[in-house]
Amino acid sequence: MRILLLWFFLCLQVLFAQEVNEKGKRETIKGLEAYYRKDTIVLRKANKKLIKLYKNQRDSTLLAQYYQYKAKYHEVFYTQDSAYYYYSLSKELSKSLKDSLEVGKCLLHMGNLQREVKDYLGSELSSLEALEYLVPLSSYEYIEKAYINLGLASLELNESEKPYQYFKEARFYNSMVSHGKPYFIYNCIGLYFQKNSLDKTAVDFFSLGIEGLFSENYKDKNSKQRFNWQLGMYDVSVKDSEQYAILLNNLARSNFKLGRLEKVLEQLYEVERIHAANNNLFQLSKNQINIAEYFIYFEDFPSAKVYAKKALKYAIVSHNNKYWLEALKILSKLTAGRESHMYLKEYTTLNDSLIKKERELTNQFAKIKFDNTKKERENFILKRENENRKVEIIKQKQRNLVIALLGVISFSGLLISILFFRFNKKRLLLERALDSKKSKEQERSRISKELHDGVLGKLFGIRLGLGFLDIQSNQKEKEKYSEYLNELQEIEKEIREVSHKLTIDVEGGYFPELIENLIESKSKVGSFNYSIVIDSEINWSIITNEIKINIHRVIHELLNNIIKHAKADFVEIKIDQKNEWLIISLADNGIGFNEEKVIDGIGIKNIKSRITALNGSIEIQSYKGVKVIIEIPIKETT
């Protein structure tokens with residue numbers, strides 16, 4: 001029953017843990033979806049539920065996830081320093097949990113944040129550190145993202161070959177991912193060639209990305225044709241439509257630079273429509289700049305001014321600092337006089353402010369990293385000092401142990417000599433006592449035999465002879481004669497009892513049967529019912545005859561007391577074994593007795609003396625009858 005209950009509770013615990021994990025996963029998914037939608041309300045709720053789950057379960061994994069989504073929450077509000085801080089907390093906690101995947105993911109996010117604030121070297125270092133955790137796990141999806149970030153950071157550092165090499169590595173790991181989508185990497189490679197004024201090659205990669213996206217979303221030929229026919233009404237998923245818009249915008253940009261102008265404006269309008277439908281103001285600001293530059297090229301300055309103002313509005317709302325500056329720069333050129341001066345002044349002020357802010361964020365990131373590194377170093381030093389201290393303590397303990405062992409060995413030699421002498425002395429005394437006891441037992445057996453075979457036999461013969469006499473006296477003499485015969489019979493009983501007490505054959509039969517026979521015979525004399533339970537696991541063959549004889553005699557004496565004094569109609573006997581002890585319990589439902597008057601009676605004294613001789617204990621309780629509990633240590637026969 002206990003095992004079933006334990007199994008039941010274990011199953012409940014496992015199910016509860018699974019439920020908590022499922023809840024954590026659900027909140028994580030909700031938070032991620034809210035992050036992509038920029039839904040701060042749902043994201044805040046998911047964070048609250050995650051921290052509540054952590055407080056209930058104290059599962060550090062949930063706390064690490066909470067830190068990550070707290071960071072994403074700050075990303076939505078463009079507070080990069082707070083976002084970086086929480087990613088750093090999540091990374092350190094995941095590192096202590098030895099969760100390499102989560103450490104790598106946090107480092108990727110930190111690298112992206114560093115790249116956004118133009119800390120390109122810091123971004124490269126974070127991405128390379130992320131690879132140290134991700135590569136051993138063969139986590140191809142995140143390895144790909146690390147190489148993409150490395151490529152984008154090195155592209156901003158105007159390095160010649162490294163960006164392309166990083167993007168090629170990303171393309172390789174993308175091919176290792178099941179259902180990998182390479183069109184984002186094609187876009188990155190296209191940007192590399194576009195920045196290096198190799199727009200013809202850039203167009204090829206942007207086109208590859210668009211073709212790959214179409215083939216992914218429209219497997220059959222008819223679907224692809226239908227998409228081309230409905231170019232102004234895309235029906236790809238929101239996520240893929242954004243990627244398509246980014247590729248198409250970059251394709252239009254390179255075609256514009258190459259002088260291929262026939263479809264550029266149409267493509268830019270298509271990009272505008274998709275970004276507007278998805279409310280992606282960040283990318284929309286870039287698109288409006290491209291449209292404004294297109295109209296500037298054709299000297300349609302009023303239209304260019306309209307789109308430059310739109311770009312400025314969207315850039316301010318989405319915190320797209322790069323195109324915020326670009327829009328101000330274009331507007332300062334498209335306007336004149338005071339208005340132009342206003343835009344130019346705003347451009348200069350914003351540029352200086354952004355440079356200062358980027359420097360502050362870079363320093364803040366460096367400080368957070370420095371603090372973490374310092375903390376790690378301090379923890380490492382503290383750990384090493386603790387280990388050295390432990391080694392020194394162990395050495396000191398070993399020295400003390402050697403000294404103690406030498407002292408113990410010397411003392412033990414002396415003690416063993418004393419103990420050996422005492423042991424020999426005790427053994428000799430014990431042997432003499434055993435011999436004496438054996439002699440006494442033999443003498444008791446002889447007396448018992450003589451009483452039983454001699455005196456008892458003669459008395460029985462006399463009583464039998466008297467029984468055949470024909471007494472013809474008066475009635476009074478006959479009654480006196482019968483009384484003598486009965487008295488002789490009682491004397492026989494008493495002699496038989498004495499003989500029985502003097503010797504019990506505990507070796508000639510199974511001991512529990514002797515006890516059962518004893519109580520059965522006594523129940524008939526005392527007219528009481530009884531219950532007897534003897535533990536079947538007790539190995540009576542290893543218990544000494546001395547113990548068995550004394551148990552028999554004690555029970556015999558207790559039963560006689562019940563018959564003479566208790567007026568009981570039910571007796572219960574139990575014999576159990578608990579470890580190395582025999583536990584004997586005898587209880588009746590009689591009238592009980594006054595413990596103060598009876599406790600020192602001859603019968604009780606004899607019982608106590610037998611139990612004490614066996615190094616046992618006896619407890620007598622008198623309440624609604626009498627209960628006697630005896631505990632005797634087991635001694636194996638030798």
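Me: Which residue forms a salt bridge with Glu159, and how far apart are the closest N and O atoms?

Reply: Side chains of opposite charge can pair when their charged atoms come close. A salt bridge is counted here where a side-chain nitrogen of Lys or Arg lies within 4 Å of a carboxyl oxygen of Asp or Glu. Glu159 pairs in this way with Lys162, and their closest N and O atoms are 3.6 Å apart. This is a predicted model, in which local features need pLDDT of at least 70 and side-chain atom pairs count only at pLDDT 80 or more, whereas totals for chains, interfaces and linings use all residues. Residues are numbered from 1 along each chain as its sequence is written, and side-chain values use heavy atoms, with hydrogens and water left out.

Me: Which residues are linked with Glu159 in a network of salt bridges?

Reply: Glu124 and Lys162 are linked with Glu159 in such a network. As for accessibility, a residue is called buried under 20% relative accessible area, exposed over 50% and partly exposed in between, with a 1.4 Å probe and protein chains only. Glu159, at 24%, is therefore partly exposed, and Lys162, at 37%, is partly exposed as well.

Me: How many salt bridges does a search of the whole structure find?

Reply: The search finds 9 of them. One is between the side chains of Lys105 and Glu102, at 3.2 Å from N to O, and both of these residues are buried. They stand 3 residues apart in helix 5 (residues 100-116), and so are separated by about one helical turn; helices are DSSP runs of H or I with at least four residues, numbered from the N terminus.

Me: Where do Lys305 and Glu339 lie?

Reply: These two residues form a salt bridge whose closest N and O atoms are 3.7 Å apart. Lys305 lies in helix 15 (residues 301-318) and Glu339 in helix 17, so the pair ties together parts that are 34 residues apart in sequence. Lys305 is partly exposed at 23% relative accessibility, and Glu339 is partly exposed at 28%.

Me: Which residues gather in a patch of positive charge on the surface?

Reply: A patch is built from residues with over 30% relative accessible area and no salt bridge, joining like charges within 9 Å and nonpolar side chains (Val, Leu, Ile, Met, Phe, Trp, Tyr) within 5 Å. Lys and Arg count as positive and Asp and Glu as negative, while His and the chain ends are not counted; the charge is placed at NZ of Lys, CZ of Arg, CG of Asp or CD of Glu. The positive patch here consists of Arg44, Lys45, Lys48, Lys49 and Lys52. Lys52 belongs to helix 2 (residues 40-57) and, at 55% relative accessibility, counts as exposed.

Me: Which residues form a nonpolar patch on the surface?

Reply: Leu401, Leu405 and Ile409 form it, with about 300 Å² of accessible area together, as given by the Shrake-Rupley method with a 1.4 Å probe, only the protein chains shown counting as cover for residues. Leu405 sits in helix 17 (residues 337-468) and is partly exposed, at 43%.

Me: Which residues touch the most other members of the largest nonpolar core?

Reply: A nonpolar core joins buried Ala, Val, Leu, Ile, Met, Phe, Trp, Tyr and Cys residues through side-chain atoms within 4.5 Å. The largest core has 57 residues, and Tyr147, Ile210 and Tyr244 touch the most other members. Helix 7 (residues 140-156) gives the most to this core, with 8 residues. Another core, of 34 residues, lies apart from it and includes Leu518, Phe528, Ile604 and Ile620.

Definitions and conventions
Helix = DSSP H or I, 4+ residues; strand = E, 2+ residues; numbered from the N terminus.
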